[in-house]
Amino acid sequence: MKIVFFGTSLFGIPALEALLGSGHTLEAVVTTADKPQGRHLKISPSTVKQWALARKIVPLEASRQNI
């Protein structure tokens, strides 16, 4: 089965790991656009986007303008 995952936070990582080990195909990950984070408001990707990029999975960014 081909799967597209929607999520942003660290909470979704265990589910993503389980999907990778399930034998299904993780086609893409939809997450929020990069935003300012931390004391110096450096633009940073979400945890889920970082995870996807590290595994060569296509990260798609959703924003309020896309909805």
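Guide: In this predicted model, T31 is part of strand β2, which spans residues 25-32.

Visitor: Why does T31 count as buried?

Guide: Its relative accessibility is 3%. Buried means under 20%, so T31 counts as buried.

Visitor: Which residues is T31 in contact with, leaving aside its neighbours within four places in sequence?

Guide: They are G7, T8, S46, V48, K49, L60, E61 and A62. With G7, the side chain of T31 comes to 2.9 Å from the backbone oxygen.

Visitor: T25 also lies in β2. Why is T25 called partly exposed?

Guide: The relative accessible area of T25 is 41%. Buried needs a value under 20% and exposed one over 50%, so T25 falls in between and is partly exposed.

Visitor: What is T25 in contact with, apart from neighbours within four places in sequence?

Guide: T25 is in contact with M1, K2 and I3. I3 is 22 residues away along the chain, and the C-alpha atoms of T25 and I3 are separated by 6.0 Å.

Visitor: Which residues of helix α2 are buried?

Guide: In α2, residues 47-54, they are V48, K49, W51 and A52.

Visitor: How do you know that these buried residues line one face of the helix?

Guide: Viewed down the axis of α2, they fall within an arc of 160 degrees, so they line one face. In an α-helix there are 3.6 residues a turn, so residues three or four places apart point the same way.

Visitor: What do the buried residues of α2 pack against?

Guide: They pack against β1 (2-6), α1 (13-20), β2 and β5 (58-62). Just after α2, K56 has a positive phi of about 60 degrees.

Methods. Residues numbered from 1 in each chain as written. Predicted model: local features only at pLDDT ≥ 70, side-chain atom pairs only at ≥ 80, totals over all residues. Heavy atoms only, no water. Helix = DSSP H or I, 4+ residues; strand = E, 2+ residues; numbered from the N terminus. Buried < 20%, exposed > 50% of the residue type's maximum accessible area, 1.4 Å probe, protein only. Polar contact = N/O pair within 3.5 Å; in protein donor to acceptor, adjacent residues only side chain to side chain. Contact = heavy atoms within 4.5 Å. Arc of directions from axis to C-beta.
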